[in-house]
Amino acid sequence: MYNEAYAIVSKDFIGKEVSIKEFGKDVSGLYIYDSIYPYPLDKNDSSNFYKNILSEKDEIKPLRKDEDLKELSGKNMNSNWEMNAQFKTVFKTVVQYQGIPNGPLNAAIFSEIKDNQLRIDVVPFFQGSPKYCGSIAKYYFKFDKAKIIENKKWTDHYECW
C-alpha cells in the first residue's frame, strides 16, 4: 500500500534528470520518515480530512515505527544525499541549503487514517521533528485491500514561525 502511494507522490517532485541539469548532481527523491504519524484529523470531525495536521501544535510525535515504511524508506534513499552535511537552517528547523543542495529537498510524512486510508504530507526538508512552513503538498489515498480506489491532492499554506 505504501509503495503504490509513494510512486504516485514522488512523480510530482524533482527527478534525477532535472536534478542533474539544475544542480549538476542527483539529489532527487523524497526523504521518507519511517514512522507513522498520528491520525491527522480533529477527532470530533472525522468527515473532513482537509484539516491541518499541525493546527496549533509545535510539532508532531510519531505514533509508532512501521517496518514496511522503514523498508520503503531504505529502498528509496538516494545514495547521493549527504545526510551528515552542514545545513543552514531557517524557520527553526526547516532546512535551506547554501548553494547546491547536498541532500533531499523534501520529506514525505505518512499519516494513517482509519479504515484503510493514508495521508502523505510533503514538506521542505527539515531537521528534527516535522515543522510545516510555506506551501505543503498533501495527498489522500483510500485503499481496497492493496489497491488504491481513491486519491486526491491539494496544497495547504502555512505561515513560518
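Predicted model: local features only at pLDDT ≥ 70, side-chain atom pairs only at ≥ 80, totals over all residues.

Colleague: How many aromatic pairs does the structure hold?

Modeller: There are four aromatic pairs. One of them is Tyr2 with Phe110, which is edge-to-face, at 5.6 Å centre to centre and 80° between the planes.

Colleague: Which parts does that pair tie together?

Modeller: Tyr2 sits in helix α1 (residues 2–10) and Phe110 in strand β6 (residues 106–113), so the pair ties together parts that are 108 residues apart in sequence.

Colleague: Is Tyr2 buried or exposed? And what about Phe110?

Modeller: Tyr2 has a relative accessible area of 8%, so it is buried, the cut-off being under 20%. Phe110 is buried too, at 0%.

Colleague: What sort of pair do Phe141 and Phe143 form?

Modeller: A tilted one: the centres are 6.4 Å apart, with 35° between the planes. Phe141 counts as buried at 0% relative accessibility, and Phe143 is buried with a relative accessible area of 3%.

Colleague: Which residues do ring pairs link into a cluster?

Modeller: Tyr31, Tyr33 and Trp81.

Colleague: Changing topic. Where does Ser19 lie?

Modeller: Ser19 is in helix α2, which covers residues 16–23.

Colleague: Buried or exposed?

Modeller: Ser19 is buried, with a relative accessible area of 0%.

Colleague: What does Ser19 touch, not counting residues up to four places away in sequence?

Modeller: With those left out, Ser19 touches Ile14, Gly24, Lys25, Asp26, Val27 and Ser28.

Conventions: Residues numbered from 1 in each chain as written. Heavy atoms only, no water. Helix = DSSP H or I, 4+ residues; strand = E, 2+ residues; numbered from the N terminus. Buried < 20%, exposed > 50% of the residue type's maximum accessible area, 1.4 Å probe, protein only. Contact = heavy atoms within 4.5 Å. Phe/Tyr/Trp six-rings, centres within 6.5 Å; stacked < 30°, edge-to-face > 60°.
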